[in-house]
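Dear colleague,

Please find the structure below, together with its sequence. I would be grateful if you could read the notes that follow alongside it.

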Amino acid sequence: MPADMKKYEYLNHTADAKFLAYGKTLEEAFENAALAMFNVMINTNTISPIKSVNIELSAQDLDTLLFDWLSEFLFLMDAENLIFGEFKVHKIKQEEGQFQLNATVYGEKIDHSKHMFDTEVKAATYNDIQVKQLADMWVIQATVDI
Amino acid sequence: MSENNSISVQLNKINDNTWEVPQGYRPGMRVPGRLFLSFPLLEMLEQGTLDQVANVATLPGIQKYSMAMPDAHLGYGFPIGGVAAFDREEGVISPGGVGFDINCGVRLIRSNLLESDVRPYIKDILEKLFHAIPSGVGSKSRLRVNDDQLDDIFINGSNWAVENGYGIPEDIEKCESQGMMEGALVKQVSTKARQRGRPQLGTLGSGNHFLEIQYVAEVYDRKAADAFGLYEGQVTCMIHCGSRGAGHQICTDHLRNLTQAAQKYNIYLPDKQLACAPTDSSEAQNYFGAMVCAANYAWVNRQIIMHWARGVFQDFFKQDIDELGMNLVYDVAHNVAKLEEHRIENKKKEIYVHRKGATRAFPPMHPDIPQAYRKVGQPVLIPGSMGTASYVLHGTYDSMDISFGSACHGAGRVMSRAHAKHEFRGEQIQRELSEKGISVRATQPALIAEEAPEVYKSSSDVVDVVHNLGIARKVARLMPIGVVKG
């Protein structure tokens, strides 16, 4: 993957937000998918990485792992008031038929005096969901409900 | 244009407002599709929406047609504006046919105030409403409920609200399903859904949700308007919101389960978001019981918001709600699945009707509508987009034959949010609306841009199709004076 390659790009969708996220590795593609989802809501440059949260997930297939990964952030946003702008996926491994993800994500509590939201993502979806490996990169396609 | 012209040639025209998607449109369709659109609205339809209508037609046990209302647009899995009914024994239940915002819906409150009583003070009133009712991204309620109270809310819906002082018994009578669906399974609501639901009861949320102060601009049907307590010049208040994070998480949790159940039961899914399971399977019933919890939560949410809005009017006009006549006209759900009895091929049959962005529209004399409305039919509430007309209609006998007793739910989007954000600036929209006599109050201007009136089809065009098709008939048109934007 060339160094100047986009991390993610948005596709056209009338009501919701659909995007492609790229990575040299599966882990990087997952990081960029999270970044793409947050940037639907808010410019992530305005989120300071002052709080870190460890995330561990397990799912029977990669589509569901991605669905769980994106859903986890929406849960943390509602339940803990936390939003994130930096994502480090340490490892995604396959063990006993399960895909396991281990990550640390960085962000802070919502502060309405500095965090300007464009919209709110309600949920991740399985609509046209894809996690696929090409010759030299991974590509993720996802649609989130607004 | 050429792309859109190619839409109509793929369809069979049934009449001016009905187009059939032939069963051969895509492999595996068990029934044809039906689009309820005028030709101009059909020309605005995206190919993707047509594909989604066809995909739904492949699901087991689907009855008659996979339907799209005149406000239909591209969704995820099912189209928005989709209606699909499945046989109680041989069909399926699908969370994707309801959506993440379970029991997103609309309620309309009447008043004895006239437009001239309110318009001079609208900015003050909006400001007070804005502070009384939390809205926007990340908003939290001033109410905090504990787990036992949440269970009570999930099971008893609006009854909990009224018993706890958020409203009067008459509110319950005037609500679809009396503000409470039976069959709640609280054990099927995850800890995560509870955590999201606890701080958000009594919040509008964001997106297209709103609280609007309106006036009755025109009455089309005096008899029905009388029954609903509406007359020209009168001020009304409309609330549009749903089950917030609790509903989103309940759908997320069960959707995940059902993608696996679909594999287990060998159900072919053209799109994973159509995940479903046989109606009597534990997976489907567990989802349904959790969905009921979210639906009941949403009715409590709208009930509490109405209670706080009444409080603002009471304080402002120094009159109590009886003097103000702030009675609930009706409350409709537009994202929900229900077990209903319908007549199919002259036989009474129980079916799971999924309405995703569609409103129930039951006819006169139906036992499930309030006694006061039995002679005219169920009130059908169709919100406009921000700054445009909303409509009140009444249900008809024809809707039972044509659309499983359903009508549209709103205006229907035509422009993406990203495009809207690029095209419009919140401050400019706010100014333009203000010139038309409509005040808007939102947490942030950018939130106004994504809901600019231009990003929607005209609510009048959509409602005209519903009216001409006869699946609901126009009663009154409501025009906004002020909007608290979620």
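This is a predicted model: local features need pLDDT of at least 70, side-chain atom pairs count only at pLDDT 80 or more; totals for chains, interfaces and linings use all residues.

Chain B. The secondary structure of this chain consists of 18 helices and 19 strands. Its radius of gyration is 21 Å, close to the 23 Å that the globule rule gives for 486 residues, so chain B is as compact as a globular protein of that length. The C-alpha trace of chain B spans about 60 × 50 × 45 Å along its principal axes, and 63% of the 486 residues count as buried. Among contacts in chain B with a separation of 6 or more, 76% are between residues 24 or more positions apart.

The contact between the chains. Chain A contributes 35 residues and chain B 39. On the side of chain B that touches chain A, at least two residues each come from β4 (66-76), α9 (191-197), α11 (244-264), α15 (417-423) and α17 (445-449). The largest share, nine residues, is supplied by α11(B).

In soluble globular proteins, nonpolar side chains tend to be buried together. The largest nonpolar core here has 219 residues, and the members that touch the most others are A:A33, A:L66, A:L70 and B:M291. Helix α12 (residues 282-317) of chain B gives the largest share of this core, 19 residues. Beyond its neighbours within four places in sequence, B:M291 is in contact with B:V98, B:I102, B:I250 and B:A337.

Helix α2 of chain A. This helix covers residues 62-80, 19 residues in total, and reaches 26 Å from its first C-alpha to its last, close to the 27 Å expected at 1.5 Å a residue. It is mostly covered, with 16 of its 19 residues buried. Just after α2(A), A:N81 takes a positive phi of about 65°.

B:V216. This residue lies in strand β8 (residues 210-219) of chain B. Is B:V216 buried or exposed? With 22 other C-beta atoms within 10 Å, B:V216 is buried, the cut-off for burial being 20 or more. Not counting residues up to four places away in sequence, B:V216 touches B:L230, B:Y231, B:E232, B:G233, B:Q234, B:T236, B:A476 and B:L478. By contrast, the C-alpha atoms of B:V216 and B:R142, 74 residues apart along the chain, are separated by 32 Å.

With kind regards

Definitions and conventions:
Residues are numbered from 1 along each chain as its sequence is written. Chains are lettered from A and ligands numbered from 1 in the order in which they are written. Two residues are in contact if their C-beta atoms, placed from the backbone, lie within 7 Å. Helices (H or I, at least four residues) and strands (E, at least two) are DSSP runs, numbered from the N terminus. The radius of gyration is taken over C-alpha atoms; the globule rule is 2.2 Å times the number of residues to the power 0.38. A residue is buried if 20 or more other C-beta atoms lie within 10 Å of its own, exposed if 12 or fewer, and partly exposed in between; C-beta atoms are placed from the backbone. The expected span of a helix is 1.5 Å times one less than its number of residues. A nonpolar core is a set of buried Ala, Val, Leu, Ile, Met, Phe, Trp, Tyr and Cys residues joined through C-beta atoms within 7 Å.
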